[in-house]
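Biologist: I would like a close look at a single part of this model, please, taken slowly and with the criteria spelled out.

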Amino acid sequence: MTTDLKSKFLQVYDTLKSELINDPAFEFDDDSRQWVEKMLDYNVPGGKLNRGLSVVDSYQLLKGGELTEEEIFLSSALGWCVEWLQAYFLVLDDIMDESHTRRGQPCWFRLPKVGMIAANDGIILRNHVPRILKKHFRGKPYYIDLVDLFNEVEFQTASGQMIDLITTLVGEKDLSKYSLSIHRRIVQYKTAYYSFYLPVACALLMFGEDLEKHVEVKDVLVEMGTYFQVQDDYLDCFGAPEVIGKIGTDIEDFKCSWLVVKALELANEEQKKVLHDNYGKKDSASVAKVKELYHTLNLQGVFEEYESKSYEKLITSIEAHPSKAVQAVLKSFLGKIYKRQK
């Protein structure tokens, strides 16, 4: 991704924002227009923008040549739709998780003037996606497929969030509910579809491809998303906070993390008791005991083995794909995440 494409991508954000705060379907006054603008600037463009930029990247790899100005604009607009969808999930997620910070600043709902208005802001963010699609893609042959795709992925993500919440909360701290299969289901639905499959699917539709014919692409990307989340779980505990940009709290938060699932699998009865007694406790002594057990069970080594096995498996699946352009898209994705430190 050239800096040129990234700056063009950011310009598209300004265009879309300006269209949305002047949307003819609603009569804005100064207060409401300023509110939406501030809310968007706070929540939409703040992250690494990986998901959004991947749409442009993937489209360029599929086309295999220079993009026209229109292609840059449209692939960027779709990229921003993915970022908008993500912002909607994060704003509401942070309320549900009672989080304090996001991307190095206070969560939106934590701002004194915002509070529970954030719940409605989440709904507004979600509704911006079809507004953008309608304005810029209404006349395209793949318009209905785009709308379907965003609806389907949103449903999958919300359902993944649901199993995450009921496994964590309703379980009233019952570790016996946690297994590799439940971890996999949560990750697949909550993260992999919208973070990995959605950006590539957008590029494929824009390129004129039929998604029905690309089921194996979806499978590889969902697999990649699972691998990405396992890395995330690993970095939450073993990553350097100054590198990953946040302090991991999965142990305190009783998260269904790949590490705890692996530890339960490898532990003897005595070690399991240590986990049951200390996992999900806020005090640092308990957290230290869990981390110490992770070291004893050599989870770093177990993770490194998982990482290389996953990589080999993914490369094999990718190279089985008939289209070299699609292979390039998938390899570019894998290259970005393999052995990442943050």
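How much space lies in the second largest pocket?

Modeller: This is a predicted model, in which local features need pLDDT of at least 70 and side-chain atom pairs count only at pLDDT 80 or more, while totals for chains, interfaces and linings use all residues. Residues are numbered from 1 along each chain as its sequence is written, and side-chain values use heavy atoms, with hydrogens and water left out.

The second largest pocket holds about 370 Å³ of space; a pocket here is an open set of points on a 1 Å grid over the protein atoms alone, where a 1.4 Å probe fits, with protein on both sides within 12 Å along at least five of seven lines, and the volume is the space filled by probe spheres set on the points, which are joined across faces, edges and corners. Its lining, made up of residues with an atom within 4 Å of a point, comprises 18 residues, and those nearest the centre are Leu 149, Glu 152, Tyr 197, Leu 211 and Glu 212. Two or more lining residues come from each of helix H6 (143-170), helix H7 (180-206) and helix H8 (215-238), helices being DSSP runs of H or I with at least four residues, numbered from the N terminus. Of these, H6 gives the most to the lining, with six residues. Sorted by class, the lining has eight nonpolar, three polar and seven charged residues, where Ala, Val, Leu, Ile, Met, Phe, Trp, Tyr, Cys and Pro count as nonpolar, Asp, Glu, Lys and Arg as charged, and the others, Gly among them, as polar.
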